Amino acid sequence: MTRIAADLDRRQIVHRSRWQKKGAIRLLYRDFHRRLIESCPQGRVLDIGSGTAHIKDFRPDILSTDILPFPGIDVVADAHGLPFPDGSFSGVVMLDVLHHLERPIAFLKEASRVLKAGGRVAMIEPAMTTIARRFYDHFHGEPVDMDVDPFAPVKIDPDRDPFDANQAIPSLLFATPAACRRVENEVPSIRVRSVQWFSLFAYPMSGGFQSWSLMPAALVRSVLAFEEKVPQAVRRQIAFRMMVVLERVG
């Protein structure tokens with residue numbers, strides 16, 4: 001086993017252990033999975049970067065892929081080169097995946113290719129809002145580089161750790177109308193259908209997959225219901241997550 005593979009295996013063990021112990025995180029991810037699935041048309045759905053494949057608890061028939069053969073993964077594949085024919089799926093869903101991808105524009109072209117006309121890509125990613133950016137900068141292990149150009153060509157690194165990341169990528173691609181238009185120009189077969197800002201209090205208080213939590217599972221549903229009442233203009237300043245929905249045209 002290579003060093004990277006051994007490290008990934010260790011991370012998966014920690015991830016699964018905390019998933020089992022933290023009821024709050026299971027409820028929060030169920031909300032994430034619901035949002036993703038409900039954003040897609042009826043039909044076959046592909047989950048990219050599925051990792052521990054928890055989304056199958058919400059929808060068992062989903063096809064889960066990842067770059068390594070974790071338990072629960074149906075197909076091992078690189079997101080930049082998916083082993084499926086054109087127009088194979090009605091939906092593609094992703095949770096915290098885009099900011100790990102080495103070539104995000106190349107991926108969006110590939111995701112568009114495997115979608116049917118009218119199919120959708122739904123993704124949930126970190127949001128670099130005014131409040132959340134400070135948290136991600138100082139308390140999260142993954143880097144935030146707002147100066148990178150996500151549209152620039154990238155030399156492929158065969159030894160790259162799949163967990164390498166830049167949490168700024170989703171915001172750089174979708175946080176403004178101008179960025180969305182540039183994505184549509186680069187990938188003419190897709191349109192940005194919606195960008196929503198959410199995950200205000202419950203997720204950061206849960207501690208995510210850290211060992212600590214300030215959010216008892218019994219309070220999760222109430223806090224999520226309160227968050228839904230917060231206006232989008234406020235969410236745009238304080239949200240920790242963004243949800244982007246793209247639609248295949250043509």
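Modeller: Here is a set of questions and answers about the terms used for this model.

Modeller: First, the ground rules: this is a predicted model, so local features need pLDDT of at least 70 and side-chain atom pairs count only at pLDDT 80 or more, while totals for chains, interfaces and linings use all residues. Residues are numbered from 1 along each chain as its sequence is written, and side-chain values use heavy atoms, with hydrogens and water left out.

Biologist: Why is arginine 35 called buried?

Modeller: Buried means under 20% relative accessible area, exposed means over 50%, and partly exposed lies in between (1.4 Å probe, protein chains only). Arginine 35 has a relative accessible area of 13%, so it is buried.

Biologist: And what makes glutamate 228 buried, partly exposed or exposed?

Modeller: Glutamate 228 is at 43% relative accessibility, so it counts as partly exposed.

Biologist: How do you know that arginine 35 and glutamate 228 meet in a salt bridge?

Modeller: A salt bridge is a side-chain nitrogen of Lys or Arg within 4 Å of a carboxyl oxygen of Asp or Glu. Here the N to O distance is 2.6 Å, and the pair meets that definition.

Biologist: Where in the chain do these two partners sit?

Modeller: Arginine 35 is in helix 2 and glutamate 228 in helix 8, 193 residues apart, and the pair links distant parts of the chain. Helices here are DSSP runs (H or I, at least four residues), strands are E runs of at least two, and both are numbered from the N terminus. The two residues also belong to a network of salt bridges that links Asp31, Arg34, Arg35, Glu38 and Glu228.

Biologist: How many salt bridges does a search of the whole structure find?

Modeller: The search finds 13. Another of them joins aspartate 96 and arginine 241, at 2.6 Å from N to O. That pair links distant parts of the chain too: aspartate 96 is in the loop between strand 4 (89-95) and helix 3, and arginine 241 is in strand 7 (residues 241-248), 145 residues apart. Arginine 241 is at 4% relative accessibility, so it counts as buried.

Biologist: Why is the pair of tyrosine 29 and phenylalanine 32 called edge-to-face?

Modeller: Rings of Phe, Tyr and Trp (its six-membered ring) pair if their centres lie within 6.5 Å; planes under 30 degrees apart count as stacked, over 60 as edge-to-face and the rest as tilted. These rings are 5.2 Å centre to centre with 65 degrees between the planes, an edge-to-face pair. Both residues lie in helix 2, 3 residues apart, about one turn of the helix.

Biologist: What about phenylalanine 84 and phenylalanine 89?

Modeller: Their ring centres are 5.1 Å apart and their planes are at 90 degrees, so this pair is edge-to-face. Phenylalanine 84 and phenylalanine 89 are both buried. In the whole structure, the search finds 13 aromatic pairs.

Biologist: How do you know that the buried residues of helix 6 are on the same side?

Modeller: In helix 6 (residues 177-186), Ala179, Cys180 and Val183 are buried. They cover an arc of only 100 degrees around the axis, which puts them on the same side of helix 6. The arc is that of the directions from the helix axis to the C-beta atoms. The face turned away from the buried side carries the exposed residues Pro177 and Asn185.

Biologist: What makes the phi of serine 199 worth a look?

Modeller: Most residues other than glycine have a negative phi. Serine 199 has a positive phi of about 65 degrees although it is not a glycine. Serine 199 sits in the loop between strand 6 and helix 7, and at 3% relative accessibility it counts as buried.

Biologist: Which other residue has a positive phi without being a glycine?

Modeller: Alanine 53, with phi near 55 degrees. Alanine 53 is at 8% relative accessibility, so it counts as buried.
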